[in-house]
Each structure stands twice: as C-alpha cells, then as structure tokens.
Amino acid sequence: MRYTELGRTGMKISHLSFGASSLGSVFRETNEKESFEAVEAAIEGGINFIDVSPYYGHYKAETVLGKALRNIPREKYFLSTKVGRYGKDGVNTWDYSARRVTDSVYKSMERLGVEYIDLINVHDIEFQAGLPGGLQKVVDETLPALVELREKGVVGHVGITDLQLENLKWVVEHCKEGTVESILNFCHYTLNDDALADYLDFFEQRGIGIVNASPLSMGLLSQRGVPAWHPAPKALVEACQKAAEYCKAKGYLIEKLAVQYSVSNPRIASTLFSSANPDNVRRNILWANEEPNWDLVKEVKDIIGDQLRVTWANS
C-alpha cells in the first residue's frame, strides 16, 4: 500500500481508501456482521482512511461504522465525515447553515463513537448552489463554522466535496486561503472520464489535497452495469458495456482495470471505493497494489471514445 500526504494536512493516507456508504445499505440491503468484517478487512489490508456521511442510509452508515470501529485502535485510521446532506424516513434534506453543520459534527461523533474527526467535509456543495445564498453561503457561513471547530480542536481539517469540479474551484477561489485543505471529487478520474486531471495544478498550487472516488464510475465500469437511477446518457452506458465485454474477452475484468487506473496517479492522494462485502474489499486492495495493463487501458479508452463518436455522428 502506498501512503501519500493529503495536501498539507500531515495525514499520510493510503492510495486506496474505504468509503462507508455501502454500510448504509445504499446499494443493497446489508447486515452488520458482514459490514464489520468489511471494515476489518480494509484496516488489515493497509487502508487507513475511512470516509462516511450522515446522508448515507440516513445516518445508518455512520451508526454501523461506529460499531465496527469499537474494536479497532484509533491510531489505525483517519476518519472523514460530512455535513450539509441529511435525510429522514426516506426523504432527503439539505442544510448548510452554520448552526446545523456545527450540530451535525457533534452528532456524527456520537454515532461514530469518537471524540475527534480528522477531516470534516461540506457534502456535495452543488446542492447549496440551488438554495438561497448559493455557493456564497458555503464560503460565508458553512466553511467558517467548520474552521471554528478546527480551531477548537474538534476536527482536524476541513474539506469540500462535489461532482462538479467547477464548483470546487469556485469555492476555493472565493474563500480565505487555508480554509479548504482538501477536495473530494467522484467519477472524474476513471477510464471513461479523467476531467479531474485538468484541475490538479489548480489544487496543488494551493496546497489542497485531492481525493478521488468511485473508480467504477457508479457502475458504468462493471460487468453488472449501471443501476436504473444512473444519470449517464444511454450512449455512454453502451460504450462502457462494450468496453467491459472487450476486457472480459481479454481475460481481464474491467473492474480490476478501473480500480488500477484510478489509483495510478501519484498526484491524487487516494481513491475511495465502497463495499460491505469483505471479499470485495480484499480483492480491491489486491488489485490496487498491482500495476495496470497500460496497453489495455489505452484500448479501453479508445473503445469508449470511438463508440461515443460514432453515436454522436449518427445522431
């Protein structure tokens, strides 16, 4: 396992990290025993960075993770959770106000059974972009509340997360230097989309650590394919399916290639994946510690790109 400092935080985190969203049964119904074993497998495999959110499973993921961590020494892991996205009784909610995010941190610590959170993130800032105050509220209210907790020693570091890279860049540009110490972006350093690469210089120049997530692009890069709710256009889904079939014919799972590609860039501190299956955790760790087949990487990228160009030309 390779360990890289996350920006200037001093946290040296594993290049593959564990996302605990699956523990909230967000992809399938899970049980606590299997979830506990998945967390233990991650730690035993050298993973030392765990990410979660109160939103995942509407507090279930944090609760289950907290139970799983009871028998794991605190020095074995860095813990990251989030504020801003919540839910209750199946209804999603958003609240980026200073009062709510401050209260959220303390409630997360109770569920997780810890007295200190290493990294606190503002979760998916794009949702605040559509609320009164827009992204400026993240700059003027949400982040200052978290910085205050950082100064009190309640949290160690402050970050932001989003799918939209331009939102992350905008917030960094408009807040005080040193406020944002890390960013988390998903689905943008994968075999089918490496847009994150275009932003590496921007974040690095400001000492901001970079975390990538979802190496399988939320199921696009898998034999199983995407869930019904996946936002990808039909053309991209079909292109990725064609790439998966090509990899299978070559005797190389596209999931394996996808994980290996996503963790291959040393400028990205870590890549998050999520699974409540301990066997899948061990498999991903094994894959992440191997060099990818770079010829196959190029072939897969070409297949996806060519398929999309044909589709666009015929539309």
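Trainee: Is Lys 67 buried, partly exposed or exposed?
Mentor: This is a predicted model, in which local features need pLDDT of at least 70, side-chain atom pairs count only at pLDDT 80 or more, and totals for chains, interfaces and linings use all residues. Residues are numbered from 1 along each chain as its sequence is written, and side-chain values use heavy atoms, leaving out hydrogens and water. Buried means under 20% relative accessible area and exposed over 50%, with partly exposed in between (1.4 Å probe, protein chains only). Lys 67 has a relative accessible area of 29%, so it counts as partly exposed.

Trainee: Which residue forms a salt bridge with Lys 67?
Mentor: A salt bridge needs a side-chain nitrogen of Lys or Arg within 4 Å of a carboxyl oxygen of Asp or Glu. For Lys 67, the closest N and O atoms are 3.0 Å apart, and the partner is Glu 32.

Trainee: Nice! Which residue meets Asp 51 in a salt bridge?
Mentor: Asp 51, in strand 4, is tied to a residue in strand 5, 31 residues apart in sequence. The N to O distance is 2.5 Å, and the partner is Lys 82.

Trainee: Which helix holds both Asp 302 and Lys 298?
Mentor: These two form a salt bridge, with closest N and O atoms 2.9 Å apart. Asp 302 is partly exposed at 32%, whereas Lys 298 is exposed at 53%. They sit four residues apart, about one turn, in helix 11.

Terms used
Helix = DSSP H or I, 4+ residues; strand = E, 2+ residues; numbered from the N terminus.
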